[in-house]
Amino acid sequence: MSGTLSLAKYSVGVGDRFAHQAKPQLEACRKAVQHGVEVVPVWNKSNREHTIIGSTPAETRAAADQAAKALGWNLPYHVDADHINLKTADRFIEACDFFTIDVADMIGRPCEPAALLGFLDGHPGMLADVAVPGVARPFRIDRAFMAQVANQYLAAVEEAARVYRWIEEKKGRGRFITEVSMDETDSPQTPAVLLVILAAVADAGIPIQTIAPKFSGRFDKGVDYEGDVSVFAREFSDDVAVVAYAINRFGLPGGLKLSIHSGSDKFSLYGPIHQVLRKFNAGVHLKTAGTTWLEELIGLAEAGGAGLDLAKEIYAEAYAQRQDLCAPYAAVVNIDPARLPAPALVARWSAEEFVPALRHDPNCPLYNPSFRQLLHVAFKVAAKMGNRYLNLLSEMETTIAKNVTGNLFDRHIKPVFIG
Ligand SMILES: [Zn+2]
């Protein structure tokens with residue numbers, strides 16, 4: 001289909017809370033191109049994030065456009081309405097060309113008995129052992145299994161279709177990229193479950209380009225994976241195989257790929273992910289969280305003087321408000337209060353103490369994951385400072401940019417996409 005907006009094989013979702021780092025983020029993608037690999041940036045920001053900061057999707061779009069212009073970027077780039085639903089989609093319509101339809105809340109809602117029957121009868125060929133190339137053992141999919149998955153997910157897929165059509169009505173068919181996300185839920189979806197979900201997505205007529213399942217293990221914000229890496233590697237490999245199989249079997253868009261809502265910094269998974277992509281010649285969308293804001297703090301601290309002072313002030317404020325700041329993120333942060341240094345102590349830190357405590361270098365003895373996670377959710381504190389914070393970002397732009405680009409390229413893009 002010509003004229004249909006398609007997502008590139010490799011893409012990286014980047015967060016930019018204060019819309020000041022689009023250029024150094026794009027610079028990281030430019031470095032990938034210089035290494036011979038095209039990685040397309042997608043600026044993702046959720047409604048919750050916009051609300052907390054008081055920003056608008058139009059600002060994200062403007063920052064992306066400006067960065068592309070400044071760097072002479074002539075590959076695609078996108079702006080993602082992240083984790084939207086019917087209630088929140090409206091404000092994103094104009095500025096975004098990528099929509100992550102979040103239906104996690106609908107998972108487990110029973111579907112209409114007629115819809116269930118229709119789904120089961122519509123896929124008689126699935127009620128068997130399904131051999132997916134690249135998966136070690138065939139999936140045993142019987143009627144009971146299909147019904148169980150449908151009861152869990154069919155209502156969610158139907159909701160995704162409603163949201164999709166609503167957006168399509170406003171933007172026009174083929175004018176935007178559609179992702180369906182099911183990651184913000186408690187129980188992971190196995191590859192066999194993913195296969196059945198994709199059958200339902202195809203039935204619903206959603207031209208899905210990326211799907212974000214919930215994988216096994218913990219994907220906490222801004223810290224490494226917690227779980228069994230070998231279990232994840234097998235699951236991810238089977239998921240990639242399932243996606244390739246589903247494209248042909250159900251007639252889904254040819255570029256369909258997995259979206260990993262990584263929460264950033266899943267360093268121990270990046271090697272295995274890269275190997276699986278190689279093995280299947282598959283693409284992926286790696287969505288990172290708003291850890292770019294932590295690179296802003298690192299840059300401020302590294303610059304010293306007023307920058308370091310402000311970084312300390314933000315920590316002190318975050319420490320005082322830690323309960324409130326963590327509440328909305330309870331499921332995705334794991335802070336050990338005993339490991340949070342007292343603000344009075346941090347006040348005496350030099351840049352050489354503050355920076356390594358915050359920077360995610362797992363091999364550095366000074367690295368403190370609790371300190372990092374608290375600051376990760378503390379962007380609200382900086383948002384309240386308004387221009388005091390933003391002016392320092394501009395003043396210390398060079399030091400910050402170096403950290404933003406280095407973090408995104410060296411620690412994320414390179415291990416996942418280049419190897
Ligand atoms: Zn997500």
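Q: Hi! Which helix is D410 in?
A: Hello! D410 sits in helix α17. Keep in mind that this is a predicted model.

Q: Thanks. Is D410 buried, exposed or partly exposed?
A: D410 has a relative accessible area of 46%, so this residue is partly exposed.

Q: And what does D410 touch, if we skip residues up to four places away in sequence?
A: With those left out, D410 touches T405 and P415.

Q: How far is D410 from T60?
A: Their C-alpha atoms are separated by 24 Å. Along the chain, D410 and T60 are 350 residues apart.

Q: Back to α17, then. How does α1 pack with α17?
A: The two helices, α1 (residues 22–34) and α17 (residues 397–418), pack at an angle of about 40°, and their axes are 8 Å apart. That angle makes α1 oblique to α17. As for handedness, α1 passes α17 in a right-handed crossing.

Q: Which residues meet there?
A: From α1 you have P24, Q25, E27, A28, C29, K31 and A32. They meet A401, V404, T405, L408, F409, I413 and I418 in α17. By class, this contact has ten nonpolar, two polar and two charged residues.

Q: Nice. What about α1 and α3, at what angle do they pack?
A: Helix α1 packs with helix α3 (residues 57–71) at an angle of about 55°, and here the axes are 9 Å apart. That makes α1 oblique to α3. Here too the crossing is right-handed, with α1 passing α3.

Q: Which residues of α1 meet α3?
A: On the α1 side they are A22, K23, L26, E27 and R30. Their partners in α3 are A63, A64, A67, A68, A70 and L71. The residues of this contact divide into eight nonpolar, no polar and three charged.

Q: Changing topic: what coordinates the zinc ion?
A: The zinc ion is coordinated by H83 through NE2, D183 through OD and H261 through ND1, at 1.9 to 2.5 Å. Along the chain, the donors follow the spacing H-x99-D-x77-H.

Q: Where do H83 and H261 lie?
A: H83 lies in strand β3 (residues 78–84) and H261 in strand β9 (residues 257–261). The pair therefore ties together parts that are 178 residues apart in sequence.

Q: One last thing: is H83 buried or exposed?
A: H83 counts as buried, at 17% relative accessibility.

Q: What is the relative accessible area of H261?
A: For H261 the value is 14%, and this histidine is buried.

Key:
Residues are numbered from 1 along each chain as its sequence is written. This is a predicted model: local features need pLDDT of at least 70, side-chain atom pairs count only at pLDDT 80 or more; totals for chains, interfaces and linings use all residues. Side-chain values use heavy atoms; hydrogens and water are left out. Axes are lines fitted to C-alpha atoms, for helices over the stretch in contact, and angles run from 0 to 180 degrees between N-to-C directions. Helices (H or I, at least four residues) and strands (E, at least two) are DSSP runs, numbered from the N terminus. Angles under 35 degrees count as roughly parallel, over 145 as roughly antiparallel, 65 to 115 as roughly perpendicular and the rest as oblique. A crossing is left-handed if the near helix is turned anticlockwise from the far one by less than a right angle, and right-handed if clockwise. Contact means heavy atoms within 4.5 Å. Ala, Val, Leu, Ile, Met, Phe, Trp, Tyr, Cys and Pro count as nonpolar, Asp, Glu, Lys and Arg as charged, and the others, Gly among them, as polar. Buried means under 20% relative accessible area, exposed over 50%, partly exposed in between (1.4 Å probe, protein chains only). Donors are N, O and S atoms within 2.8 Å of the metal (3.2 Å for Na, K and Ca); water is not among the atoms, so sites may look incomplete.
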